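These exercises are meant to be worked through slowly, with the sequence and the model side by side.

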Amino acid sequence: MARRNKRKAFEAVEIIDAGSKGKGIAKAPDGRVLIVDQVVPGDVVNVQTYKKRKAYYQAKPTKIVEASPKRTEPVCEHFGTCGGCKWQNMAYEHQLYYKEKEVLENLKRIGKIELPETQPILGSQKTYFYRNKMEFSFSDSRWLTKNEIENNNTITNKNALGFHIPGMWDKILDLNQCHLQADPSNAIRNGLKDFATKHHLDFFNVREQKGLLRTLMIRTSSIGEVMVLVQFFEDDKVNRELILDYLKNEFPSITSLLFVINQKANDTIYDQNVICYHGRDHIFEEMEGLKFKITAKSFYQTNSDQAYELYKITREFASLNGDELVYDLYTGTGTIAQFVAKQAKHVVGIEAVPEAIEAAKENANFNAINNTSFFAGDMKKVFTKSFVKQNGKPDIIITDPPREGMHADVIEQIKFLKPKTIVYVSCNSATQARDLALLDEFYKVTKVQPVDMFPQTHHVENVVKLELR
């Protein structure tokens, strides 16, 4: 018996809000919530559902009946297929409104805490070409466009160098121009793809786990330095050096040319040996006269200009007078720790990634900063009572955890120590709100400052200051 098609079509639905992951929110005639892709609040659209749950539908628009005044024309030819910039069709001032709204609603709804008057979200001066790190994937079976499929022509070149199609682990969208990272990013990516195609070098096939070229990472810094890392699957010295020599000679602006031979199932390089082929094995970023060494495995905020604004807010919220012992939890390469060190007595940084801690120590040496200490290890295992006994009880804690927020043991340790001030930097206001609720017994939120690090996307950072009650 044929399965009954449960898809529904609704006409003239008004998009009333922006919800999780930047999708539009509407109400279906039967009362369920409609979560709609690629729309803007204020749009009136016809939709076709593709998933049904007890309380909601997920749907795609089939026709824009009336365009929202919040709409703008996307600048990128890949918009709608690439999942990287889902809000390019929304004017930037409205993007900021919905990001700020999400932060405050999460703090109120999930945190259920009393909030002070909050500062308006800090927008980014650059709304395109702001990222300092991009990662692209090679594929020998690229995603075909609708026109290519409908034209029914024989397609001989299926090579791609670009992004994964959302929800499809084995399909790569071939990029022409990406508006997220400034030159020479597009030139390097397109030049490498054309050179490899011309020389009949194999692009990776993720299903069959074969091919020479696997991924490309490009990092840039505000002082003009460029890192390029090519990840190879096959250990083919002749063709590997052909590729790397092309990059070295064609793009002399490359400061650091690296490669990895990765034959495991996933693309992550953190457990791989990174080899320097030409130049340095790192690049430098500068901020307020401080130099930061960035390696292939280093975490560094991906919007350099806005990172500076974020760190200034963090330092201001810490209200340092020079006498405090500061703990910087999830310190990464020690950027925030060193940024605040000149206004503190001593800063202790803790981070799980050993390479990041080594970079933090090197950065401190570069910058002649002598009042920092850095420790590597799992936060909940390092940040213990014995650790505090050895390193001193913090007056101030700065914490910038990953998206999942802080471990419950870490929160309990903070509550036990009761530092006078906590500055909580977060890329996920939902988990931040959960953690603030757990701290609410002892701490009052006194300042909130959302910061937009990622224009054209729904992502937003938030900085909160907590003070002992």
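The model is predicted, so local features need pLDDT of at least 70 and side-chain atom pairs count only at pLDDT 80 or more, whereas totals for chains, interfaces and linings use all residues. Residues are numbered from 1 along each chain as its sequence is written, and side-chain values use heavy atoms, with hydrogens and water left out.

**Exercise 1. Cysteines**

Solution: To describe the surroundings, call a residue buried under 20% relative accessible area, exposed over 50%, and partly exposed in between, using a 1.4 Å probe and protein chains only. By that scale C82 is buried at 16%, and C178 is buried at 8%.

**Exercise 2. The strand β11 and its partners**

Task: Determine whether strand β11 is enclosed or open, and which strands it joins.

Solution: Helices (H or I, at least four residues) and strands (E, at least two) are DSSP runs, numbered from the N terminus. Strand β11 covers residues 226–232, and because seven of its seven residues are buried, it is largely enclosed by the rest of the structure.

For the partners, two strands pair if DSSP finds at least two bridges between them. Strand β10 (residues 213–220) is joined to β11 by seven bridges, and the two run antiparallel, with L213 standing opposite F232. Five residues lie between β10 and β11 in their hairpin, and G224 in the turn has a positive phi of about 90 degrees. With β12 (residues 256–261), β11 runs parallel, and six bridges join them; one of the facing pairs is Q231 and V260. On the way from β11 to β12 the chain passes through helix α4 (residues 237–250), a right-handed β-α-β crossover, where right-handed means that, with the strands pointing away from the viewer, the path from the first strand over the helix to the second runs clockwise.

**Exercise 3. The nonpolar cores**

Task: Locate the largest nonpolar core, and list what L216 touches.

Solution: A nonpolar core is a set of buried Ala, Val, Leu, Ile, Met, Phe, Trp, Tyr and Cys residues joined through side-chain atoms within 4.5 Å. The largest one has 76 residues, and those with the most contacts inside it are L213, L216, V228, V230, I243 and L247. Counting contact as heavy atoms within 4.5 Å, and leaving out residues up to four places away in sequence, L216 touches M134, E135, F136, F138, L161, R189, L192, V228, L229 and V230. A second, separate core has 35 residues, including V348, V410, A433 and L466.

**Exercise 4. Charged pairs**

Task: State how many salt bridges the structure holds, and find which parts E288 and R315 tie together.

Solution: A salt bridge is a side-chain nitrogen of Lys or Arg within 4 Å of a carboxyl oxygen of Asp or Glu, and the structure holds 30 of them. In the pair of E288 and R315, the N to O distance is 3.0 Å. E288 lies in the loop between β14 (283–287) and β15 (290–294) and R315 in helix α5 (residues 304–318), so the pair ties together parts that are 27 residues apart in sequence. E288 is partly exposed at 32%, whereas R315 is buried at 12%. R240 and D235 meet in another salt bridge, at 2.9 Å from N to O; here R240 is buried at 9% and D235 is exposed at 53%. Finally, D17, K101 and E105 are linked in a network of salt bridges.
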